[in-house]
Amino acid sequence: MKEQSIGEFEELVLLMVAALHDEAYGVTILENLEEKQNKKVNISAIHVTLKRLEDKGLVISRYGGITSDRGGRRKKFYVITALGKKLLDNQYALRTSLYQQIPKISFG
Amino acid sequence: MSSKQPPKYPLRFLRWFCREDYLDEIEGDLIELFEKRAEKSLIKARRRFVWDVMKSLRLRNLKKGVIMPNLFYTLSFRQSLRHIARERGYSLLNFTSLAIGALFFILFAWYAVEESSFDSFHSNRTNIYRLAFGEYLDLGPYATTSYPIGPAVRKDFPEVQFMSRFGNSGRLTVRNGDVAFFETVNSADADFFEMFDFELLQGNPETVLEAPNSVVISETLARKYFKDEDPLGKKLTIGSSGNYDSQVTGVFRDVPSNSQLQFDMVMSYSTLEKLYSWLSDLWQQMPGNYTYVALYPGTDVPGFEAKLDMIKQSYVSDIERGEYELIVTPFADVHFQEGLNRELDTKGSRSSLLMFGVIALTVLLVSVFNFVNLTSSRYLVRLREMGIRKVMGASRSGLVLQLLFQAFLVVAFSLIIACVLLVLFLPLFNDLTGKDFTPESLLQKETLVTAVVLLIVCTLGAGIVPALGITAMTPVQSLKSNKVVEAGRWKAGKSLMLIFQYAVSVLLLVGSIIIFRQLQFVESSIEGSSKTGTLVIPVNSGLAEKFDLLKSELVGHPSVLDVGASSHVPGFYGDSWPVRLSPGSDPLQTENFVITGNYLDLMSYQIVAGRQLNESLASDKQAGFIVNETCARMLGFNSPENALGQTIFFGSDELKEGKIIGIAKDFHFESFKEKIAPALFQFSPYDWMGYNFLVVQVKTSDALEVISAIEEEVGKLDQQWVVDAEFFDEHFKKFHLEEIRQGKLSTVFAVVAIILSCLGQLGLLVNGTLSRRKEIAIRKVLGARVNQLWYLMTEGYVRLFVVALIFALPLAWYLSMKWLDSFAYHISPGPWPFLVAVLVSGLILMTIVSAVTIRSATANPVNSLMDE
């Protein structure tokens with residue numbers, strides 16, 4: 001099977017889903033991303049990215065319980081799949097190995 | 001808490017477009033975010049919420065079925081094409097009738113745009129007005145004005161920005177070296193090219209007409225006289241006196257045909273003013289001089305018009321009697337307004353534009369009705385299909401959309417056919433209308449707009465009724481029954497459409513018969529009022545003095561039958577003079593003709609009482625008048641015989657007293673749309689009043705030979721003069737080109753509409769009969785004979801036809817009377833056109849009905865009954 005490829009923002013969201021583990025849903029992902037990156041992100045972009053990741057089989061979702069918050073709407077939690085984890089591992093390995101090939105140049 | 005609610009409408013919108021399975025997540029997250037943000041600032045939170053909703057409006061989040069992605073299923077393009085292809089006959093009928101309807105409508109739109117664009121190329125046109133006499137010395141309203149009025153208005157009224165008079169100096173010889181022709185020479189004031197947007201190719205609009213002896217010529221004339229040379233600064237010899245010889249100061253692009261001012265050559269008015277200083281005192285004379293003013297924007301026009309009375313008070317205070325009332329008319333309205341006396345251009349008539357409009361619209365309506373009829377009857381066949389589609393879950397709106405789309409395809413295709421036909425028939429159309437349309441004008445904004453509007457209107461108009469009708473059934477109804485065919489509402493609609501079709505064909509038949517007969521009348525009158533083979537040749541005063549010599553030379557020519565002369569010839573040039581019954585009495589303005597004794601014979605004007613003028617009688621020379629019937633009547637004589645021998649006085653200052661010795665039968669001056677004017681014939685009353693035209697009766701077969709003989713003779717007497725011979729009857733016909741053209745055009749329109757209406761009737765009848773074919777079969781099995789069946793089937797249609805007649809005949813009578821009234825002289829139609837129209841359309845109806853019914857009545861009943 002062809003290697004899954006994901007974009008930069010997708011990777012960020014996937015990383016965030018993995019990091020938040022059981023607590024990952026739209027709002028938490030948004031807040032953490034904004035905090036870490038220190039820039040505004042639109043919630044709709046995250047929704048679409050999550051759907052795309054789900055289509056690719058990198059995350060799976062489940063609904064939380066009904067609460068009185070959120071206008072009575074359920075949360076949709078995302079968890080990373082084994083495939084997603086593997087993809088992140090590959091990406092990480094690739095980047096580290098490339099990073100280590102950088103000659104020791106002083107930028108001072 | 002209630003203040004922390006997210007905005008209501010964006011939320012509703014989100015719920016409307018968002019797919020259900022995503023809604024929990026999206027709406028939940030949006031609300032949660034809103035609640036968190038609202039703790040800081042409610043306004044910002046609301047704003048962000050709206051923004052988030054908008055951002056969530058993505059293709060991926062859309063609900064299925066409402067929007068875009070489903071459209072292709074709903075329209076089912078391929079199925080529509082299959083339907084069109086399967087019903088080839090009906091589709092062909094549809095395409096033809098719609099295409100023809102659209103074709104005629106587009107052509108009319110073109111024509112109308114062109115007609116209503118009259119004079120619209122002047123950017124300043126809303127501020128330009130024409131000054132005219134509302135009442136001139138009790139002689140009635142005149143479009144012409146006196147010479148000094150224009151300059152006085154320009155001087156005395158600060159609201160006048162520009163003023164120009166426009167005058168006609170007649171047809172004069174124009175010469176550059178060896179190149180010489182007759183041209184109509186006009187004159188205008190210095191403001192002329194600034195006020196009007198006639199495009200100057202060379203020369204400065206502000207100064208071209210300033211200096212005396214300046215002339216501005218058209219592009220065509222520039223080529224004619226100067227070939228490739230630069231005309232600027234060149235000299236043109238105008239007329240034979242030398243007074244008008246002018247320098248070319250500018251060249252303008254040829255005047256477009258949709259302009260009321262038509263000219264090839266404009267001389268500066270200062271030329272005339274320099275020559276004739278007395279012109280500025282001619283307050284109470286009426287030469288052929290039109291005055292136009294441009295007022296500053298925002299001028300109170302009625303106020304300006306009221307102030308014009310000052311002109312009378314300041315300059316014409318010595319006026320003894322009569323009104324001297326000036327009126328202003330918006331320049332753009334002049335062409336379409338009811339004419340005053342001595343109008344400059346032939347009037348465009350809104351009534352014939354309206355007539356075309358009605359006919360074009362009728363053609364379109366008939367074709368759309370045909371479309372509705374045919375489509376709805378075809379839809380009945382698809383009733384079951386619709387039922388099954390509904391059972392399978394199709395929504396009504398989806399089905400309606402699909403049917404509309406199919407209608408759209410048919411209309412669009414027909415429009416394409418119409419455009420192809422348009423290009424093919426363009427030369428023919430140009431021929432009929434006398435316009436210069438090119439295929440390129442197809443790409444004009446107006447035409448494209450018309451086409452798009454047509455597309456939408458036809459699709460909706462023709463598609464929506466049958467589509468709604470057929471989809472209104474519940475699935476059970478449409479699957480089970482055939483009864484829709486007989487449903488009351490349906491039947492009523494169909495009857496109405498049939499009545500409309502019948503009414504239209506009767507109406508148009510009556511119309512075309514009456515138009516045809518009126519035009520025949522006009523054409524025969526033209527022939528009656530102008531003998532063929534009469535040449536009219538303008539001459540100057542020098543040649544006129546040598547008339548006897550010229551005549552004696554010419555009559556020797558074998559092909560010359562007779563030679564005469566006259567000061568005026570109807571349609572060429574006229575001159576109006578007062579005539580009175582006694583020196584102090586009210587004058588009657590009459591067209592004056594100074595003639596040779598044989599002129600009336602040459603023009604084939606008949607004498608109804610008395611005799612011709614005789615050159616050998618001294619009494620005739622000094623005191624003989626012939627008047628036409630109108631003149632005699634207007635002078636107050638109740639019969640031609642009573643007028644004979646009566647004394648009348650001719651002239652304005654130096655009166656000529658004389659007796660009426662003959663009464664001429666009325667003849668038409670120019671257009672048959674105008675009333676015949678009073679006319680008076682006499683031998684020259686004053687030394688200076690001579691002939692302006694040579695009238696020569698020739699054998700038409702040798703016309704060219706005679707013309708060259710005349711050229712030779714004239715050349716011996718005056719080498720400068722150019723012979724510009726024209727046959728009188730041909731010249732006369734030019735005044736009627738427009739009517740003859742319009743008549744032909746409306747006949748073509750009418751014939752097409754009648755054909756279309758027949759097609760429509762055929763479609764309806766075939767369908768009506770088909771839906772009753774089982775009934776016919778059963779009746780036949782039970783022993784009905786063909787003629788009984790025929791009677792049964794025909795009776796209903798005949799009843800509808802009679803109803804249609806009740807509507808159509810009075811309307812036809814009213815409309816045709818209205819049209820005929822626009823002619824001063826017209827036929828009285830009588831009952832015949834109506835009878836013929838009823839008979840013909842009745843015959844068409846009976847033929848179609850009989851053909852269709854007899855076919856089904858003679859068919860083997862088993863076939864109809866076995867079906868299904």
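## Overall make-up of chain B

Of the 868 residues in chain B, 37% are buried, a residue being buried if 20 or more other C-beta atoms lie within 10 Å of its own, exposed if 12 or fewer, and partly exposed in between, with C-beta atoms placed from the backbone. This is a predicted model, in which local features need pLDDT of at least 70 and side-chain atom pairs count only at pLDDT 80 or more, while totals for chains, interfaces and linings use all residues. Residues are numbered from 1 along each chain as its sequence is written, and chains are lettered from A and ligands numbered from 1 in the order in which they are written.

The secondary structure of chain B comprises 32 helices and 21 strands, where helices (H or I, at least four residues) and strands (E, at least two) are DSSP runs numbered from the N terminus. Among contacts in chain B between residues at least 6 apart in sequence, 80% join residues at least 24 apart; two residues are in contact if their C-beta atoms, placed from the backbone, lie within 7 Å.

## Nonpolar cores

A nonpolar core is taken as a set of buried Ala, Val, Leu, Ile, Met, Phe, Trp, Tyr and Cys residues joined through C-beta atoms within 7 Å. The largest has 86 residues, of which F105(B), I106(B), V363(B), V506(B) and A753(B) touch the most other members. Helix α19 (residues 488-529) of chain B gives the most to this core, with 17 residues. Apart from it lies another core, of 54 residues, with Y142(B), F196(B), V266(B) and Y292(B) among them.

I754(B), in helix α28 (residues 737-771) of chain B, is buried because 23 other C-beta atoms lie within 10 Å. N213(B), by comparison, is found in the loop between β4 (200-202) and β5 (214-218) of chain B and counts as partly exposed because it has 19 C-beta neighbours inside 10 Å.

| Residue | Residues touched |
|---|---|
| F105(B) | A360(B), V363(B), L364(B) and L454(B) |
| N213(B) | D245(B), S246(B), Q247(B) and T271(B) |
| I754(B) | S505(B), L508(B) and L509(B) |

I754(B) and V506(B) are 248 residues apart in sequence, yet their C-alpha atoms are 8.6 Å apart in space.

## Strand pairing

Four strands of chain B form an open, antiparallel sheet in the order β12-β20-β11-β21, two strands being paired if DSSP finds at least two bridges between them. The edge strands, each pairing on one side only, are β12 (560-566) and β21 (726-727) of chain B. Within this sheet, five bridges join β11 (residues 534-538) to β20 (residues 693-698) of chain B, and V536(B) has V695(B) as its bridge partner in β20(B).

Strand β17 (residues 647-650) of chain B has a covered face, I648(B) and F650(B), and an uncovered one, T647(B) and F649(B). Four bridges pair β17(B) with β18 (residues 656-664) of chain B in the antiparallel sense, with T647(B) opposite K659(B). The hairpin of β17(B) and β18(B) has five residues between the strands, and in it G651(B) takes a positive phi near 110°.

## Contact between the chains

In the interface, 15 residues of chain B are in contact with 16 residues of chain A. On the side of chain B that touches chain A, the elements giving two or more residues are α2 (20-38) and α3 (42-56) of chain B, and the largest share, ten residues, comes from α2(B).

Definitions and conventions: Lists of a residue's contacts leave out its neighbours within four places in sequence.
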